Amino acid sequence: MTPWSNESLSSCAYADPYAVPDLPESTWPTPVQSDDDLDYFLPPPHPAERLHSILDPRDERRLALNATLTAAGIPPMPEDRAVIDQLSALPADVSTVLQRWLHHTL
């Protein structure tokens with residue numbers, strides 16, 4: 001067994017992990033007090049910069065069912081995904097009733 005040698009890596013390209021292009025000063029928000037090293041609140045999001053995507057009603061029902069199950073203390077398992085997909089394909093009123101039943105278990 002040969003010992004590890006730095007010369008054996010000569011064919012690899014060298015990348016300086018500290019070489020970062022100059023970033024503008026506005027990249028990171030500044031803390032409320034510049035001499036304070038504690039946590040600080042981030043600025044609120046700009047509504048104009050939000051993504052404009054609309055979820056399919058089936059996806060909304062699937063997310064709501066996952067959240068309701070988790071809140072009821074029944075975290076969905078990976079093998080439950082097919083059943084949750086089938087339940088979310090049902091009409092909206094069925095999903096509403098399922099969520100209401102689960103909320104009563106809290």
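Start by selecting Ser 88, which is buried, with a relative accessible area of 2%. Buried here means under 20% relative accessible area, exposed means over 50%, and partly exposed is what falls in between, using a 1.4 Å probe and protein chains only. Ser 88 sits in helix H2. Beyond its neighbours within four places in sequence, Ser 88 is in contact with Arg 58, Arg 61 and Arg 62; contact means heavy atoms within 4.5 Å.

Before going on, some notes on the model. It is predicted, and local features need pLDDT of at least 70, side-chain atom pairs count only at pLDDT 80 or more, and totals for chains, interfaces and linings use all residues. Residues are numbered from 1 along each chain as its sequence is written, and side-chain values use heavy atoms, with hydrogens and water left out.

**The whole chain**

Show the protein as a cartoon. Its secondary structure consists of three helices and zero strands, in the order α-α-α from the N terminus. Helices (H or I, at least four residues) and strands (E, at least two) are DSSP runs, numbered from the N terminus. Of the 106 residues, 10% count as buried. Among contacts with a separation of 6 or more, 56% are between residues 24 or more positions apart.

**Helix H2**

Select residues 81-88, which make up H2, and pick out Asp 85. Asp 85 is partly exposed, at 23% relative accessible area. Apart from neighbours within four places in sequence, Asp 85 is in contact with Arg 58 and Arg 62. For a distance, click the C-alpha atoms of Asp 85 and Leu 63: they are 22 residues apart along the chain and separated by 9.9 Å.

Next, select Gln 86, also a residue of H2. Is Gln 86 buried or exposed? It is exposed, with a relative accessible area of 55%.

**Helix H1**

Select residues 57-71. This helix, H1, has 15 residues and reaches 21 Å from its first C-alpha to its last, close to the 21 Å expected at 1.5 Å a residue. The expected span is 1.5 Å times one less than the number of residues. Show the side chains of Arg 61, Leu 65, Thr 68 and Leu 69, the buried residues of H1. Looking down the axis of H1, these buried residues fall within an arc of 95°, so they line one face of the helix. The arc is that of the directions from the helix axis to the C-beta atoms. Their cover includes H2 and helix H3 (92-104). Just after H1, stop at Gly 73, where phi is positive, at about 85°.

**Helix H3**

Select H3. It has 13 residues and reaches 19 Å from first C-alpha to last, close to the 18 Å expected at 1.5 Å a residue. Which residues of H3 are buried? They are Ser 95, Leu 98, Gln 99 and Leu 102. These cover an arc of only 95° around the axis, which puts them on the same side of H3. They pack against H1 and H2. Turn to the other side of H3 to find Asp 93, Trp 101 and His 104 exposed.

**H1 against H3**

Finish by showing H1 and H3 together. Their axes come within 10 Å and cross at roughly 10°. That makes H1 roughly parallel to H3. On the H1 side, the contact is made by Arg 61, Ala 64, Leu 65, Thr 68 and Leu 69; on the H3 side, by Ala 92, Ser 95, Gln 99, Leu 102 and His 103. Axes are lines fitted to C-alpha atoms, for helices over the stretch in contact, and angles run from 0 to 180 degrees between N-to-C directions. Angles under 35 degrees count as roughly parallel, over 145 as roughly antiparallel, 65 to 115 as roughly perpendicular and the rest as oblique.
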